[in-house]
Amino acid sequence: MIRALLIALVVLAVGACESPRLSGIAADVGIDLEPPTPAPVDPSVATFAFLPIPGIPGDAADEMLRRLWTRAEREGLNVVKRPGGRALFTVEGTLTAVADDTNALVFFVFDVKDVEGKRLHRISGQQTSEESENDPWASVEERDIDLIARRVTALLRAWLYARA
């Protein structure tokens, strides 16, 4: 536990240093300290249900869910959209927005769980908005939500097909 904390502190310290800017899907993707558990099923039979995202404004939560569905389907993932529908995996997300004088920053964490609720995989990262207002969620644009959905679903697909 202490070793993991020290590693996390080193990662944060190094991340604060000036480094080359990544672009595309790799930009702002967080680092997981534990290797993910491989997907336990054949990708062709996997189904995913994205749970509603609590704690953020309703319009942003609804838009995030719609974007996740759309992007997941474009990635070739089978999505269960019906509330309470049965899926092999549930994806639970948490988003937090903070703002300063120049922009807003959205931190995100999505956990993939099996039917028993055991976490199998975690996707985390951050997205910087180019705007800033008193309310950080007012600064988050549809473009930012779409980029988060793209990253999450691309990394979800990568996890699913890692063994295939």
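This is a predicted model: local features need pLDDT of at least 70, side-chain atom pairs count only at pLDDT 80 or more; totals for chains, interfaces and linings use all residues.
Side-chain values use heavy atoms, with hydrogens and water left out.

Helices (H or I, at least four residues) and strands (E, at least two) are DSSP runs, numbered from the N terminus. Two strands are taken to pair if DSSP finds at least two bridges between them. E1 and E3 run parallel and are joined by three bridges. E1 also pairs with E2 in the parallel sense, here over two bridges, and Thr47 has Asn78 in E2 as its bridge partner. Taken together, five strands form an open sheet with mixed pairing, in the order E2-E1-E3-E4-E5. E2 and E5 are the edge strands, each pairing on one side only. E1, H2 and E2 make a right-handed β-α-β unit; a crossover is right-handed if, with the strands pointing away from the viewer, the path from the first strand over the helix to the second runs clockwise.

Next come the helices. The expected span of a helix is 1.5 Å times one less than its number of residues. For the 17 residues of H2 this gives 24 Å, which agrees with the 24 Å between its end C-alpha atoms. Just after H2, Gly76 takes a positive phi of about 85°. H4 has 19 residues and reaches 27 Å from its first C-alpha to its last, close to the 27 Å expected.

In H2, the buried residues include Ala60, Ala61, Met64, Leu65 and Leu68. The buried residues of H2 pack against E1, strand E2 (78-79), E3, E4, H3 and H4. In H4, Ile145, Ile148, Val152, Leu156 and Trp159 are among the buried residues. Those of H4 pack against E1, H2, E3, E4, E5 and helix H3 (136-139).

A nonpolar core is a set of buried Ala, Val, Leu, Ile, Met, Phe, Trp, Tyr and Cys residues joined through side-chain atoms within 4.5 Å. The largest such core holds 33 residues, of which Phe48, Phe50, Leu95, Phe110, Leu156 and Trp159 touch the most other members. At least two residues of this core come from each of strand E1 (47-50), H2, strand E3 (89-99), E4, E5 and H4. H4 gives the most, with seven residues. Leu95 has contacts (heavy atoms within 4.5 Å) with Ile53, Ile56, Met64, Val106, Phe107, Phe108, Phe110, Trp137 and Ile148, not counting residues up to four places away in sequence. In soluble globular proteins, nonpolar side chains tend to be buried together.

Charged side chains are considered last. A salt bridge is a side-chain nitrogen of Lys or Arg within 4 Å of a carboxyl oxygen of Asp or Glu, and by this rule the count comes to 12. A network of salt bridges links Glu63, Arg66, Arg67, Arg71, Glu142, Asp146 and Arg150. Within helix H2 (residues 58-74), Arg67 and Glu63 lie four residues apart, about one turn of the helix. Arg67 forms a salt bridge with Glu63, the closest N and O atoms being 2.5 Å apart, and both residues are buried.

Asp146, in helix H4 (residues 142-160), counts as buried because its relative accessible area is 11%. Setting aside residues up to four places away in sequence, Asp146 touches Arg67 and Arg71. The side chains of Asp146 and Arg71 meet in a salt bridge (2.9 Å, N to O). Asp146 lies in helix H4 and Arg71 in helix H2, so the pair ties together parts that are 75 residues apart in sequence. Arg71, like Asp146, is buried.

Another salt bridge joins the side chains of Asp111 and Arg122 (2.7 Å, N to O). This pair links distant parts of the chain, with Asp111 in strand E4 (residues 104-113) and Arg122 in strand E5 (residues 119-128), 11 residues apart. Asp111 counts as buried because its relative accessibility is 12%, whereas Arg122, at 32%, counts as partly exposed.

Conventions: Residues are numbered from 1 along each chain as its sequence is written. Buried means under 20% relative accessible area, exposed over 50%, partly exposed in between (1.4 Å probe, protein chains only).
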